[in-house]
Amino acid sequence: MSNYHIKHLEEYYQVYRKSVREPENFWAEVAEEHFMWRKKWDKVLQWDFKKPEIKWFDGAQLNITENCIDRHLVTKGDKTAIIFEPNSPDEAARHITYSDLHERVCKMANVLKSKGIKKGDRVCIYLPMIPELAVSLLACARIGAIHSVVFAGFSSKALASRINDSECKMVITSDGSYRGAKTIDLKGIVDNGLESCATVESVLVVNRIDAEINMKTGRDEWLQPLLDEASVHCAPEIMEAEDPLFILYTSGSTGKPKGMVHTTGGYMVYSAYTFKNVFQYHDGDVYWCTADIGWITGHSYIVYGPLANGATTVMFEGVPHYPDFGRFWEIVEKHKVNQFYTAPTAIRALGKQNIEFVEKHDLSSLKVLGSVGEPINEEAWHWYNDNVGKHKSPIVDTWWQTETGGVMITPLPYVTPTKPTYATLPFPGIQPALLDESGEEIKGNQVDGRLCIKFPWPSIARTIWGDHQRYKDTYFSAFENMYFTGDGALRDEVGYYRITGRVDDVIIVSGHNLGTAPIEDAINEHPAVAESAIVGFPHDVKGNALYGYVTLKETGESRNQDNLRKEINQVITDRVGAIAKLDKIQFTNGLPKTRSGKIMRRILRKIASKDISNLGDTSTLLNPECVQEIMDGVL
Ligand code: WTA
């Protein structure tokens, strides 16, 4: 018998020990007892971190939508699967039952088929947080197409590069989206992007805002009339456990975004099992994760994990500050939310507002609070605990990554005693290790190092789409036989982990991972710019904000600096997206470089953070004189 639902600390330790001593038996029991397989696996796990190659449940066959929808129909057909809460509180919320969801997914799947989409084809989904987004993911999964969701805040260039990288055949989008008091012209962004995408044959358009838009004949079609015609029957495509389920792009420290590939069986088992335990979900609970489905948190913990457990999951289209800063708490009260999962940046932004926004709402339904995306600072942790949880709802500080597919280090609420700013203990099956720079594992407690994972878990990404070598170089080459996370961590005296942040050039701004390279590439395309370097600096709401050091070409030096700053941020908005705009831009005559020509970001980071008491060794610099000049001009 597997312990699918862990209820107390002793049980956690017992389950954890088993997951490490007999990982194959452990995962086989979880998979066998709680999921629906069309055919059982031949082998639970095959792995080699050197190649790297990882296979879970190889030989098994299944369809994830049968697990997320069909199998609930008999007992939960009338239960709400998704509560859709629109951008405006004036628009009524919609309850979509498991039966409704089944019908909608089957119809959508038939529409995809009628447009020639087959197993293995890539479909790009660029939609706001409306029900069609969840339905589109599931419809792809129903027929074995690989979905690639692109967050609908990315620019047309960023969208195009993701479409081209995975050669998508179709794009599903909407005429526009609501964002607080504004509307955004999504279809216009898609049209621009598609000018440079040769592989896209069709575009399906959801009518969300009744906008007048261009429809390209032969390529674009409104979705609704097609759905109206579609059959409600669609047999699930039988998939191999290791067939890709989706691609999701994440920023790297260098180069273009990485299309992380997640496969079907292992991802399903791990996202569902973590959901059940990390949120202690009980039948009848209403669960709400405020993330966007454009990120991994939304894939695993709005769609797949909750639905595989037959849960009720809230999808919110809007933003925390519209029509006012009480919106989140109003929704908690309205839908009697039991588990609430958000990001530290949202907590910090809400914590700065008048406390009345929280206090005027009845939050007594809450049982569990979650945090994800970046380290949660002590002040935000206490604000969340005091004012939202009222000291009775444990906070689960969940550490994980796009690459890991599911939560890796986390307290289990009502099971693991929490400690502010600590993600605490590894989830069953996860074997963390801290390594020093020479690659030695640091044993014992009260130590810090680079966070690695020693053993595979079912939802680890299997490769980077089209670039297996990069997958190997990024995650399996820094330390022998280990998955390297890119994060630093410390382990306290009782073995609790605290994540200290990225140790590479990825900067997390408001919970979004941003690689420095694509932003620098964008800036450098401005005709007046010779060179640039981006670093993060502490920001009290965003966690980190971006600081750009920009060296101008001689021709640019006479230009008005404020105008240049605006233009630079516009280039970034066009090429990457508004989330990557710089908070500060300092013009410099040069950037500190090593003799091999590498920019010394360490120094730039310290200056931007106004932490200049100890800049470290600058003697190896090619141009040490520029350091003083940069310090004098710091913003
Ligand atoms: C950071 C989001 C501290 C970390 C699920 C990681 C965190 C990166 C936490 C992955 C946390 C995520 N505490 N840091 N609880 N959760 N991170 O791919 O640096 O968008 O490597 O996945 O976010 O971000 P990603």
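**Notebook: helices and rings**

I began with two helices: helix 2 and helix 10 are roughly perpendicular to each other, a label for angles of 65 to 115 degrees. Helix 2 covers residues 23-34, and helix 10 covers residues 264-278. Helices here are DSSP runs (H or I, at least four residues), strands are E runs of at least two, and both are numbered from the N terminus.

The model is predicted, so I noted that local features need pLDDT of at least 70, side-chain atom pairs count only at pLDDT 80 or more, and totals for chains, interfaces and linings use all residues. Residues are numbered from 1 along each chain as its sequence is written, and side-chain values use heavy atoms, without hydrogens and water.

**Entry 1: the helix contact**

Two packed helices are described by the angle between their axes and the distance between the axes. For helix 2 and helix 10 I read an angle of about 85° and axes 10 Å apart. The axes are lines fitted to C-alpha atoms over the stretch in contact, and angles run from 0 to 180 degrees between N-to-C directions.

Which residues make the contact? Helix 2 gives Phe 26, Trp 27, Val 30 and Ala 31, while helix 10 gives Val 269, Tyr 270 and Tyr 273. Contact means heavy atoms within 4.5 Å. I sorted these residues into 7 nonpolar, no polar and no charged. Ala, Val, Leu, Ile, Met, Phe, Trp, Tyr, Cys and Pro count as nonpolar; Asp, Glu, Lys and Arg as charged; the others, Gly among them, as polar.

**Entry 2: aromatic pairs**

I searched the whole structure and found 47 aromatic pairs. Rings of Phe, Tyr and Trp (its six-membered ring) pair if their centres lie within 6.5 Å; planes under 30 degrees apart are stacked, over 60 edge-to-face, the rest tilted.

Tyr 267 and Tyr 304 have ring centres 5.7 Å apart and planes at 85°, so this pair is edge-to-face. Tyr 267 is in helix 10 and Tyr 304 in helix 11 (residues 296-308), so the pair ties together parts 37 residues apart in sequence. Buried or exposed? Tyr 267 is buried, at 1% relative accessibility. Tyr 304 is buried too, at 0%. Buried means under 20% relative accessible area, exposed over 50%, partly exposed in between (1.4 Å probe, protein chains only).

Tyr 301 and Tyr 341 also pair edge-to-face, at 6.3 Å centre to centre and 75° between the planes. Tyr 301 is in helix 11 and Tyr 341 in strand 18 (residues 339-342), 40 residues apart.

Technical notes. Angles under 35 degrees count as roughly parallel, over 145 as roughly antiparallel, 65 to 115 as roughly perpendicular and the rest as oblique.
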